[in-house]
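Morning, everyone. Please look at the screen, and I'll take you through this one step by step.

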Amino acid sequence: MIELVFCLRRRPELSREEFQRYWREKHAPLVQSHADVLRIRRYVQVHSLPSEVHGALRASRDAPEEYDGVAELWWDSLEDLAASAASDDGRVAAAALLEDERRFIDLERSPIFLAQEHEIITSA
C-alpha cells in the first residue's frame, strides 16, 4: 500500500474549529465522491486537539507549531496512484479537490508526501 500524508495548516482567517468543520463536513464528502475515479482505498482525517491540550508535550520536546490536522489516503500501489492521475476523469477530480483545498488549507505551509508504512505494533 502507498500512503499520501498531508500535514494541514489552516488558512489564517479561519479558526481551528472552522477549519476542521469545513474539512469534515464539506471536503470529506467531496473526496468521497471522487474516491472511485481516483482509486482511493482509504481516507482518514486526523484532527488535532486544541493547543492547550498538548502544549506541555510540545514544550517538553521543543517541538514546532502543531498542524491543524493530517489527511491520510491510501492506494494499492504507486502504479495505481499514477493510473488514477493519468485519466481525464482523474485529472478533473484532482483539480476539483485542489480547488476546494485552496478554500481552507494554507497550502504553502502544509507539507505533503508519499510514504510506505512499516507496522511495528499491530495489537492494542
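Let's start with a pair of helices. α3 and α4 are roughly perpendicular to each other. Why do I say that? Their packing angle is about 90 degrees, and angles from 65 to 115 count as roughly perpendicular. Find α3 at residues 78-86 and α4 at residues 88-104. Their axes lie 5 Å apart. Which residues of α3 and α4 meet? On the α3 side, they are S84, A85 and A86. On the α4 side, they are D88, G90 and R91.

One word of caution. This is a predicted model. Keep that in mind throughout.

Now step back to the whole chain. The protein has four helices and four strands. The order is β-α-β-α-β-α-α-β.

How big is the box that the C-alpha atoms fill? Roughly 45 × 40 × 25 Å, taken along the principal axes. There are 124 residues in the protein, and 35% of them are buried.

Go to P111, in the loop between α4 and β4, where β4 is residues 112-115. P111 and C7 are 104 residues apart in sequence. In space, their C-alpha atoms are 5.4 Å apart. Which residues does P111 touch, leaving aside its neighbours within four places in sequence? They are V5, F6, C7 and Y67. Is P111 buried, exposed or partly exposed? P111 is partly exposed, with a relative accessible area of 35%. Buried would need a value under 20%, and exposed a value over 50%.

Now look at α2, residues 51-60. This helix is hardly covered. It has ten residues, and the count of buried ones is one. After α2 comes D62. The phi of D62 is positive, near 50 degrees.

Last, the surface and the charges. The protein exposes about 8100 Å². Carbon and sulfur atoms supply 54% of that area.

Key: Residues numbered from 1 in each chain as written. Predicted model: local features only at pLDDT ≥ 70, side-chain atom pairs only at ≥ 80, totals over all residues. Heavy atoms only, no water. Helix = DSSP H or I, 4+ residues; strand = E, 2+ residues; numbered from the N terminus. Buried < 20%, exposed > 50% of the residue type's maximum accessible area, 1.4 Å probe, protein only. Areas by Shrake-Rupley, 256 points an atom, 1.4 Å probe, with all protein chains shown as cover. Axes fitted to C-alpha atoms, helices over the stretch in contact; angles between N-to-C directions. Parallel < 35°, antiparallel > 145°, perpendicular 65-115°, else oblique. Contact = heavy atoms within 4.5 Å.
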